[in-house]
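Please open the model in your viewer and keep the sequence panel at hand.

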Amino acid sequence: MPKALSLPPNPFSMLNSMRAIGYSFPTAVADIVDNSIAAGATRIDIRTSVSKHEEIYFAVLDNGCGMCEDELILAMQIGSRSPECSRSRKDLGRFGLGLKTASLSQCRTLTVISFKESSVSAASWNLNLIENTSDWSLEIFDEKEIKHQTLLEELKKNGSGTAVIWEDFDRLGAVEKDKLFDVLKEKLQDTREHLSLVFHRFLSQEDKFSPITISINGNPLIPKDPFLKSDDIGSVFTGTILFPIKGIKECVRVTSYTLPPQDKMTAQHQKKLGVAGRGLQEDQGFYIYRERRLIFWGGWFGLKPIEQSSKLSRVQVDIPNLFDKLWQLDVKKSSAIPPKEIRQELKKRLEEFIKRSKIAQTSASGTVFKKEELWLKQKKGNEFFVRINFESALLKKIFENTDLDNAKRLKHYLKRLQKALPIDWITAQYATDYCPEKDSEKDVLEMEIFDQIILLSSRKGYREEDIIGKIKELYGADKLTEEVKSFISLFVKAK
Ligand SMILES: Nc1ncnc2c1ncn2[C@@H]1O[C@H](COP(=O)(O)OP(=O)(O)O)[C@@H](O)[C@H]1O
Ligand SMILES: [Mg+2]
């Protein structure tokens, strides 16, 4: 029988190789924030030295559950938890590596201070010490020996929590303190952008989840929703599909959105959507969320190329952490590949996902469809008004084709309807847990087809067969139901 020889890795070479795993500063910080969220933190404060005269440090402070000394020592171990371990749904961890590899990819000293059940624990990995001792020498500190006493005081004030501190930066491309301070400041800006996007669903109220606060040197992050869901020009929601996976209870949830045409977006909207240096075009495609944390976005997994016509399409894909293995989640949690059966399902639905973008693009160029404001929203002093837009082309078209008496009746009815809008009741429901019923995908599409017919019917030289042809081209022959056909002939007759 062969002998088993214990051959542990050389600590310094091993850690040095792990530093080169390819984290950027913002993705490394995101891994530390993941841990705080998994620890149940509701407030995460990112701190750095605020003047060039201080010693340079970077810290992530949370009010999560904290760790006692045994837990901290285990947390500091490389590969502290196997990827095979099952994880709770709120756990954003994966390999038991993030805390160490993300931190040491940016700096030479990682210190963790934690406060739990009135006890303080602190430990450091220091690359210089590991190099000198050629051993996995973890430094453990007494409370008095902790350098960052002010951070410790804050943890104590919160009742429990953890501070992850990075020092001795050697990978930021600067050595002198002054320069390093400036580089760190720049990195903080990129980090702000990255975290606002990656954690946008944690930063806002979502279903039963209360929002958490993440701030950088006292400035809270503003969530960056890549679908502009809560904006008044919001994207069109185009439906949710659930993909069950054989033998597993959880589902993959796929929700598709179409952004409003670019000419309708303000600079503010564009800023919200744009992720450092990438435009709308590159950011089309799938947005993969693992337990609500965005891990990867942009592109169509090679199922189709990035194209101008589909640049308004964004598809939210929610995967539970149970599927990590199936999706080949990488260590940095920055890429994932869907399993074959999901790829096949997604492929089948690609046309459905991008169709609306194509339509909106045509509309943006004025060729076919211009989405209209049916309500006018106005503010005057402290008051606001919501009025039916009597100038909308749809309404005008209806009035044009109605006799005078009926037009008067209709106008009166619409004015009454406007006045009777139960705004108090709606506001009261929003203040509770009730939310408005969402139109089904079918209803939304049907409404859009009818709008389209009304507008097409007012085009010069457009006959019944032209409208039928256009509807077929835009929405597919299966959408040309008897009801749609009779709607078309009604409006052509009225022309
Ligand atoms: N901020 C924190 N609060 C409480 N526990 C933490 C914190 N950060 C890390 N830990 C503990 O350290 C362990 C190791 O973290 P990490 O190296 O990032 O691996 P993973 O997150 O994949 O488990 C976590 O599983 C958790 O138990
Ligand atoms: Mg982690």
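Select strand β12, residues 293–297: 5 of its 5 residues are buried. Here a residue is buried if 20 or more other C-beta atoms, placed from the backbone, lie within 10 Å of its own; strands (E, at least two residues) and helices (H or I, at least four) are DSSP runs, numbered from the N terminus. This is a predicted model, in which local features need pLDDT of at least 70 and side-chain atom pairs count only at pLDDT 80 or more, while totals for chains, interfaces and linings use all residues. Residues are numbered from 1 along each chain as its sequence is written.

Arg-290 has Arg-293 of β12 as its bridge partner. Between the strands of this hairpin lie 2 residues, and Glu-291 takes a positive phi near 45°.

Just after α15, select Gly-476, whose phi is positive at about 100°.

Finally, colour the protein by pLDDT, the predictor's confidence in each residue from 0 to 100. The mean is 84, and 87% of residues reach 70 or more. Over residues 364–369 the pLDDT is below 50. Where pLDDT is low, the predicted coordinates should not be read in detail. Zoomed out, the protein shows 16 helices and 15 strands, and 31% of its 495 residues count as buried.

Methods:
Chains lettered and ligands numbered in written order. Buried ≥ 20, exposed ≤ 12 C-beta atoms within 10 Å, placed from the backbone. Contact = placed C-beta atoms within 7 Å. Pairing = 2+ DSSP bridges.
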